[in-house]
Amino acid sequence: MGLGSFLKVVAQNFDILAGPLITLVYPLHASIQAIESKTPADDQQWLTYWVLYSMITLFELTFAKLIEWLPFWSYAKLIATGWLVLPYFSGASYVYEHFVRPMYVNPPNLNVWHVPWGKKNDLAKPEDVLTAAEKYIQEHGTEALEKLISTSRADKESRFSSSSNYMIFDGDYSHRYY
């Protein structure tokens, strides 16, 4: 139980020992120094780091059950956060500028009004649903649209009312077991 045993334990638990130092202690110290300095560049570096560290933490919390099965995750996280933290690499600034910022400045354009029927480019206007409804009325008449809507509602209501997941409360608690 000498120095060799101590070094063996440290080597086996390097990720556990170095993780908090690299991911929390050093960034906390550097963030305080950045707040006290006059230059905005280091402020951006450490604000960016904390945003990315929060994203990594949220990822870990969300996929905890999956991450348990990855024996290399703690080492990969240690290397990645080391790259983000060390000023020599400026990893946090790089990731923010190339991946995070473009998603917020230029969010991807998602067409939630896409109607998959009709001719190609027939409903390419921003008001796709309204255009489709007007076209349907022109072709089939107002009564047909009203019938279509009422049929759709009836189908929807019948699906929910036939579900066995709903319980009618009769106000009687006597059937409960405590």
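## Helix H2

A residue counts as buried when its relative accessible area is under 20%, as exposed over 50%, and as partly exposed in between (1.4 Å probe, protein chains only). In H2, the buried set includes Asp 15, Ala 18, Gly 19 and Thr 23. Helices here are DSSP runs of H or I with at least four residues, numbered from the N terminus. This is a predicted model, where local features need pLDDT of at least 70, side-chain atom pairs count only at pLDDT 80 or more, and totals for chains, interfaces and linings use all residues. Residues are numbered from 1 along each chain as its sequence is written, and side-chain values use heavy atoms, leaving out hydrogens and water.

H2 has 23 residues and spans 32 Å from first C-alpha to last, close to the expected 33 Å (1.5 Å times one less than the number of residues). There's a bend of about 35° at Ile 22, taken as the angle between axes fitted to the seven residues ending there and the seven starting there. Helix H1 (3-12), H3 and H5 are among what covers the buried residues of H2.

## Tyr 26

Tyr 26 sits in H2 (residues 14-36) and, at 34% relative accessibility, is partly exposed. Leaving aside residues up to four places away in sequence, Tyr 26 touches Leu 21, Trp 46, Val 85 and Pro 87, with contact meaning heavy atoms within 4.5 Å.

## The salt bridge

There's one salt bridge, meaning a side-chain nitrogen of Lys or Arg within 4 Å of a carboxyl oxygen of Asp or Glu. Glu 60 pairs with Lys 77, their closest N and O atoms 2.9 Å apart. Glu 60 is in helix H3 (residues 40-62) and Lys 77 in helix H5 (residues 73-85), so the pair ties together parts 17 residues apart in sequence. Both residues, Glu 60 and Lys 77, are buried.

Terms used: Helix = DSSP H or I, 4+ residues; strand = E, 2+ residues; numbered from the N terminus.
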